[in-house]
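Reader: I am new to reading protein structures. Can we go through one together, feature by feature?

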Amino acid sequence: MLINNSGEKIRIKITALLTVICVALTGCGPFTDYSVADVSTGDIGIGNMSDDALVSVGFSQLGSESTWRSANTESVKAALSTDNGFFLIFDNARQMQEKQFKAVRSFISQRVDYIVICPVIQEGWDVVLAEAKDAGIPVILLDRNISVNDDSMYTSFIGEDMYAEGASAGKWLEEHFANQGRSNDEINIVVIEGTSGSSAQEGRAQGFGAIAARNMNWNMVASVNGEFTQAKGKETMARLLSEFEDIDVIVCQNDDMAFGAIEALNEAGVKTGGIGEPVLISFDGTKKALELVKEGVINVDVECNPNSGELLAQIINDLEAGNAVDKAYYMEEKVFTKENVDEYIEDRNY
Ligand code: GZL
């Protein structure tokens, strides 16, 4: 709401106001979507918080490395829209923590009402979160978690239980081999991991590792980094195939790396999923992956739900209303196999 010279309250469309600001400050036209200043060009958008009716949110998204990440970004943008009462300033950090720090400091200087962060890795957040706390701006962690000495540095965490996801994969594998009468066979397992030091990589590795530790016949022969990307997944799988003859299980910590691994396996003439073929395990539960589960190429896919935008909006609205919120919220997640995938595949929105 703005006040004109004669003291009258005027409300002008935010688009027009933004256009004036943009042209005045940058000589360029308005944002493509005025409710989301997409600053992936590297400079942080100049928000317009003068419309007090809107809750301004600076969102540092870690990157656009995977199908899952794109779905997570879309979920937040859809929920934190102007129509829903938000002004969203979005930054894509391209998996670089330094860019996330820069974005958070820009949000602080723009005096946003809230800061939302998908932290690319767990370590290193104490200093910049202390700056946000000093500025009196609540921080909400989305998707991935952080390691900090003082958890008052953030208000709430909304995400997934990565340890449970890893353990679910391990428990499925135990049952799979029991059903095949292979509970005592020597089993060689390779793991293509996501971004080293991320809560997703560590949680899934620890959860699966706990199950592997109780199966003395399971040999964890290699864990290598695939950065959660399809390209790196392909490159890594090709290297593992050249180094190891007898791989019984391939664990990919997300679907995009599994897609890359399947490319490398196909090029090597190796099929997965069937009797006498390597078991392929993946995480995320994207529609493309569920189709591969249905085909029997991926044996099991542990869901990691990216659709956290609505819950994020609800929590911010609760905070705006002065309501207490929980320290952590976990998304509901399933385990997809050939037996149940048909129930879910058609409704998949990512
Ligand atoms: C998990 C998320 C991971 C996904 C990947 O919550 O952080 O990052 O599993 C994504 O697809 O890249």
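Author: Start with a strand pairing: β9 runs parallel to strand β11 (residues 249-252), and four bridges join them. Keep in mind that this is a predicted model.

Reader: Which residue of β11 is the bridge partner of Ile192?

Author: Cys252 is that partner.

Reader: How many bridges pair β9 with strand β10 (residues 218-225), and in which sense?

Author: Seven bridges, in the parallel sense.

Reader: Is strand β9 (residues 187-193) enclosed or open?

Author: Buried means under 20% relative accessible area. Seven of the seven residues of β9 are buried, so the strand is largely enclosed by the rest of the structure. Look at the two sides. Ile187, Ile189, Val191 and Glu193 point one way. Asn188, Val190 and Ile192 point the other way.

Reader: Which residues of α10 are buried?

Author: First the general idea. An α-helix has 3.6 residues a turn, so residues three or four places apart point the same way. In α10 the buried residues are Gly309, Leu311, Leu312, Ala313, Ile315 and Ile316. After α10 comes Gly322, with a positive phi near 80°.

Reader: What about positive phi in other residues?

Author: Most residues other than glycine have a negative phi. Gln95 is not a glycine, yet its phi is positive, about 65°. Gln95 sits in the loop between β5 (86-92) and α3 (97-109). Phe228 is not a glycine either, and has a positive phi of about 65°. Its loop lies between β10 and α7 (230-243).

Reader: Is Phe228 buried or exposed?

Author: Phe228 is buried, with a relative accessible area of 4%. Gln95 is partly exposed, at 22%.

Reader: Which residues lie nearest the centre of the largest pocket?

Author: Trp172, His176, Gly273, Asn299 and Glu339, out of 20 lining residues. The volume of this pocket is about 320 Å³. Helix α5 (residues 162-179) gives the largest share of the lining, four residues. By type, the lining has six nonpolar, nine polar and five charged residues.

How values were computed: Residues numbered from 1 in each chain as written. Predicted model: local features only at pLDDT ≥ 70, side-chain atom pairs only at ≥ 80, totals over all residues. Heavy atoms only, no water. Buried < 20%, exposed > 50% of the residue type's maximum accessible area, 1.4 Å probe, protein only. Helix = DSSP H or I, 4+ residues; strand = E, 2+ residues; numbered from the N terminus. 1 Å grid on protein atoms, 1.4 Å probe; cavity = no way out; pocket = protein on both sides within 12 Å on 5 of 7 lines; lining within 4 Å. Points joined across faces, edges and corners; volume = space filled by probe spheres on them. Nonpolar A, V, L, I, M, F, W, Y, C, P; charged D, E, K, R; others polar. Pairing = 2+ DSSP bridges.
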